[in-house]
Amino acid sequence: MTKPSDSGMVSIAPELRRKKGISPIWILPLIAVIIAAWLVYKSVMNAGVDVTITFRNAQGIEAGKTQVIFRGMPIGLVKDLQIRKDFESVDVRVQFVKEAKDQLKKGTEFWKVEPEISARGISGLETLLKGNYITMRPGEGEETNHFEALSDPPPFRSDTPGLHIRAFTEDLGALKAGSGIYYKGIKVGEIIQTHLDDKGKTDLVLDLFIQEKCRNLVKKTTKFFNISGIVFEGGLSGFTLKAESMESLFLGGISFLNPEQGSKAQNAKDDDTFRLFKDKDSAEQEGQKFTVYFQDGNGLSNRTQVKYRGVEVGKAFSVELDEKTDGVRLQATMQQKYRKLLRKDTQFWVVKPQLGLAETRNLDTLLSGSYLTFRPGKGKPEKTFKGLNNPPGEVEIKGGLHVVLESERLGSLKSGDPVYYRQVKVGEVTGCRLSKDATSTLISVDIRTQYAPIVRTTSRFWKASGLNVNFSFFSGAKIQTESMAALLEGGIAFATPGASDLEKKKEDKSKGVVFDGSKNSQKKKAKPKTGIQVSGSPAKNGTIFQLYSEAQEEWLKWRPRIALGKSK
Amino acid sequence: MINRSFTARDAGVVCCLECHKLAFIQGDDEVQKRCSRCGAKLHLRKPNSITRTWAFLLTSFIMLFPAYLLPIMTVTSFGHSYPSTIIEGIEHFIQEGTYFIGFLIFFASILVPIFKLIGITLILLSIQRNWQTSLRQKAVMLRIIRFIGRWSMLDIFVIAIMVALVNLGSLTTIKAAPAATFFAMVVVLTMLAATSFDTRHLWENRS
């Protein structure tokens, strides 16, 4: 073969072909295999855990889209949905990342998170766009792969660090989930959820959450109260209008106070329960609860105060009909420091405004409302009482003298009527009743301790009610009355004779002379007897006196000297 | 038939693969010498042609699985991510009623790569096993494979354009997912496989 010469031709000596090894190009498939193997390994290692969650309602759950989000991180994905054969619920198959496997224990709770738009704001906004998601709270127990979802979020979001406690209340008012918890006006937490008591009682349960940094503010003795809305307080002493922040005004809120100052009280722990008071006042006055049964609830309300000797010692918080006793059940609290007053035989009654011609009593109750007062008993501590609709009769005022007057007719006397001695009020009628054989009326009278010595066994009692008109031919008409109050409203007066008076009386009687009152009084004024010894012996509790319908003239002249007791 | 069986090698001529200048050679085998004009190494055939083709082919075959099984594109709309594989994307288009685009993507992303893989495998096998039937069709097929190879990148282009266009911040964003890389590798590797193959091998054993 001829070879055309070429200028660029070099020697064309043949060279031996080298024996080829493995071509380096095979590195490529090798790399591909490694990548593929790594992918397979990764997918095997990351293979999730398949579990089934049963939902009553799978609204918003989509296969391949709905995620299970825990602490803001997706840890699972809904793979498919299947309705159960009984059409009662939906099985949602969820694939979890393998890290979640250890957490999928029997007590784990799942629930849907849905958007909520309310006055307090919008929550779960992300779900509007992303769709609902499922979230969970890990529980304890054996590992399992089938769960029942909750229809509502569980009461506690235990995953948020902070203090989770519960408060019980009877009326929610404006409170709802999301209402803030304020301490001295600073928001320290919020209501997580409100729901009925688990046991189906009437109480409502509020799940409260206190921020971690504020958890030390809540002690075991802390008292929570509602600060929703506006508080309008009016009284004789003035009016106050109180509203907490605008937020709490519209959205409701809770505040709390610590009755025990300092770090003396123990800090509250998770799941502690508290009572939620209606307002700050009732929180401050919280104490011993007690129940009083009344015949009728006239004048009673759940704001009725409980007063003792004019001092507020407690407050009613519920008044309702009671079928058992066919009456009214009033529940109230007695401040802790006064709890000892609640003893057996304590008698409660309602003080209502009285408008009378002669006397207007308890005018303050017109504005402040009727209040409940009581006369403490002496028995053991007790929590249930029977209430009287009128002030009780026949009960000693503590330390006072208690006597009984017997009269044919009651006249215009009634409980509360004053008892006068020289037109000074020294006691009052505490009750009226018929005697056992119905032949007369028995009037219980309490004389204040201070004046107890005045009442002697020889004392005379008469009705000071009405006018006492004496018409005599010689002296003309004479109208006699006790004070104006007694004139219009009635009352009882009494006099205690001196030792000499009685003697004189005997004399008078023996003489059979009818005294002329005016003359006699002039005589008395002319030479007052100051050193007269009192007659008889001090009356004892329960002594029965005759109640005269009018005073005899001479009684008015008695002026014995009696040492009064010390007023308490 | 002499014309067909008479090759450059028989004539002792080698064609430079770079500048196509002819050079004379001695002996039958490939020579270790350089082109007098452009200086490129002279080869009777593309070096290691079949081996290389096989390697590329196998690599792309392996890559095909992640390319099809992993999500190729993630649409993040309103905070929620919707990753989708190629097949899911096609399904989506078909369900939406845009059959044309659905078919186009199906053609470019699934039919063509698989067709290329099978075609090249067939050609390689026919050389190694000395299958002499319908060589012409195989040659045509190889030309088609080389021609449409570049069009397989359609899917990648679509994703690239979508990522650039649909970037509405938090409303909707689109991101390429791992399968895009694997798919691109499949396309590139099959193209490499097609080009590294020396067509002349097809006719070599023809009698």
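Helices (H or I, at least four residues) and strands (E, at least two) are DSSP runs, numbered from the N terminus. This is a predicted model, in which local features need pLDDT of at least 70 and side-chain atom pairs count only at pLDDT 80 or more, while totals for chains, interfaces and linings use all residues. Residues are numbered from 1 along each chain as its sequence is written, chains are lettered from A and ligands numbered from 1 in the order in which they are written, and side-chain values use heavy atoms, with hydrogens and water left out.

Q: What makes up the secondary structure of chain B, and in what order do the elements run?
A: Chain B comes to 8 helices and 5 strands, and from the N terminus on its elements run α-β-β-α-β-β-α-α-α-α-β-α-α.

Q: How many of the residues in chain B reach a pLDDT of 70 or more?
A: As the predictor's confidence in each residue, pLDDT goes from 0 to 100; in chain B its mean is 81, and 92% of the residues reach 70 or more. For the complex, the predictor gives an ipTM of 0.72 and a pTM of 0.45.

Q: Why is A:Met45 called partly exposed?
A: Buried means under 20% relative accessible area, exposed over 50%, and partly exposed in between (1.4 Å probe, protein chains only). A:Met45 has a relative accessible area of 38%, and is therefore partly exposed. This residue lies in helix α1 (residues 27-45) of chain A, and together with A:Trp38, A:Val40, A:Tyr41 and A:Val44 it forms a nonpolar patch on the surface with about 540 Å² of accessible area.

Q: Why is A:Arg71 called exposed?
A: The relative accessible area of A:Arg71 is 60%, and because exposed means over 50%, the residue is exposed. A:Arg71 is found in the loop between β2 (67-70) and β3 of chain A.

Q: What is the phi of A:Arg71?
A: Most residues other than glycine have a negative phi. A:Arg71 has a positive phi of about 50 degrees although it is not a glycine. Another residue with a positive value is A:Ala438, whose phi is near 65 degrees, in the loop between β30 (424-434) and β31 (441-447) of chain A.

Q: How do you know that β20(A) and β26(A) pair, and in which sense?
A: Two strands pair if DSSP finds at least two bridges between them. Strand β20 (residues 305-308) and strand β26 (residues 371-375) of chain A have 3 bridges, in the parallel sense, and in β26(A) the bridge partner of A:Lys307 is A:Thr373. β20(A) is also joined by 4 bridges to strand β21 (residues 311-322) of chain A, with the two running antiparallel, and here A:Lys307 stands opposite A:Glu312.

Q: What makes both faces of strand β20 of chain A covered?
A: In a regular strand the side chains alternate between the two faces of the sheet. In β20(A), A:Gln305 and A:Lys307 on one side and A:Val306 and A:Tyr308 on the other are all buried.

Q: Which strands of the open sheet of 7 strands in chain A are the edge strands?
A: The order of this sheet is β5-β8-β2-β3-β4-β1-β9, with mixed pairing. Its edge strands are β5 (109-113) and β9 (146-148), since each pairs on one side only. Elsewhere in the order, β3 (residues 73-83) and β4 (residues 90-96) pair in the antiparallel sense over 7 bridges, and A:Asp80 has A:Arg93 as its bridge partner in β4(A).

Methods:
Patches are made of residues with over 30% relative accessible area and no salt bridge: like charges are joined within 9 Å, nonpolar side chains (Val, Leu, Ile, Met, Phe, Trp, Tyr) within 5 Å. Accessible areas come from the Shrake-Rupley method with a 1.4 Å probe; for residues, only the protein chains shown count as cover. A salt bridge is a side-chain nitrogen of Lys or Arg within 4 Å of a carboxyl oxygen of Asp or Glu.
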